[in-house]
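Hi,

Here is the structure I promised to pass along.

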Amino acid sequence: LALIALLLAGCASGPGPSDTRPATQGLSASELLDKAQGQSASQAAQSRLQAAHILSRQGNDEQALDIAQDLDASRLTREDRIDRALLISDLSLRKEDGRSALVATQILGDINDIPRDAQQTLRHRRGLALTLVGESRAAAESLIELQRDEAPFELNDDIWTPLSRLSETALDRMEARDDTLTQGWVELARL
């Protein structure tokens, strides 16, 4: 009787966290994409994201980016949406496609409690993307803000690139901020 109660309790608890993910260990990207055709929408989105990661690791960045951008992100978990944003922003910056990277980093406004390391990485990539699209002042301000938050990146060169492109008027606007770090960068740019 105790054994039956134990078995029933195990069945009633439902699947554990690892049981809810599709079994995709060891599958290739093409196998995952084929498998996605017959899966539920959420499992298919997750399989496609995993395939995009595999393709990226194999150096097939263009195909990985296409798959990651085209999958139905609304079907992904919060963690997978963050992971997708990290992947797309990375692949986009490798291609020097600032617009796609900016779109990926919009998740910063969509999800409030992104883990700190992912948040800082996405903020860094947003700053780099702003530089690529010619939004130099926004890029410099964004990257200086990230430096103020003590991000674990070497940001000096990334800040200097957009800052050195700014006009005197733009530097004046930045210097007017009540912020010693920004003012220090502006002084450096004027040397």
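Helix H6 (residues 98-105) packs against helix H8 (residues 116-132) at an angle of about 150°, and their axes are 8 Å apart. Angles over 145 degrees count as roughly antiparallel, so that is what H6 is to H8. The crossing of H6 past H8 is left-handed. On the H6 side, the contact is made by Gly-98, Ala-101, Leu-102 and Thr-105, while H8 brings Leu-122, Arg-125, Arg-126, Ala-129, Leu-130 and Leu-132. Sorted by class, this contact has six nonpolar, two polar and two charged residues.

Before I go on: bear in mind that this is a predicted model.

Helix H11 (residues 168-175) and helix H12 (residues 180-190) pack at about 155°, with 9 Å between their axes. H11 is therefore roughly antiparallel to H12, and their crossing is left-handed. From H11, the residues in contact are Glu-168, Leu-171, Asp-172, Met-174 and Glu-175; from H12 they are Thr-182, Gln-183, Val-186, Glu-187, Ala-189 and Arg-190. The class make-up here is four nonpolar, two polar and five charged residues.

On to the overall picture. The chain has twelve helices and zero strands. Of its 191 residues, 40% are buried. If you take contacts between residues at least 6 apart in sequence, 53% of them join residues at least 24 apart.

What about the cores? In soluble globular proteins, nonpolar side chains tend to be buried together. In this model, the largest nonpolar core has 19 residues, and Ala-52, Leu-76 and Leu-87 have the most contacts inside it. At least two residues of this core come from each of H2 (29-36), H3 (41-57), H4 (61-70) and H5 (78-94). H3 gives the largest share, with six residues.

Leaving out residues up to four places away in sequence, Leu-87 touches Leu-49, Ala-52, His-53, Ser-56 and Ala-68. Another core, of 14 residues, lies apart from the largest one, and its members include Leu-143, Ile-159, Leu-166 and Met-174. You have already met Met-174 above, in the contact of H11 with H12.

That's it from me for now.

Cheers

Key. Residues numbered from 1 in each chain as written. Predicted model: local features only at pLDDT ≥ 70, side-chain atom pairs only at ≥ 80, totals over all residues. Heavy atoms only, no water. Axes fitted to C-alpha atoms, helices over the stretch in contact; angles between N-to-C directions. Helix = DSSP H or I, 4+ residues; strand = E, 2+ residues; numbered from the N terminus. Parallel < 35°, antiparallel > 145°, perpendicular 65-115°, else oblique. Left-handed = near helix turned anticlockwise from the far one by under 90°. Contact = heavy atoms within 4.5 Å. Nonpolar A, V, L, I, M, F, W, Y, C, P; charged D, E, K, R; others polar. Core = buried A, V, L, I, M, F, W, Y, C linked by side-chain atoms within 4.5 Å. Buried < 20%, exposed > 50% of the residue type's maximum accessible area, 1.4 Å probe, protein only.
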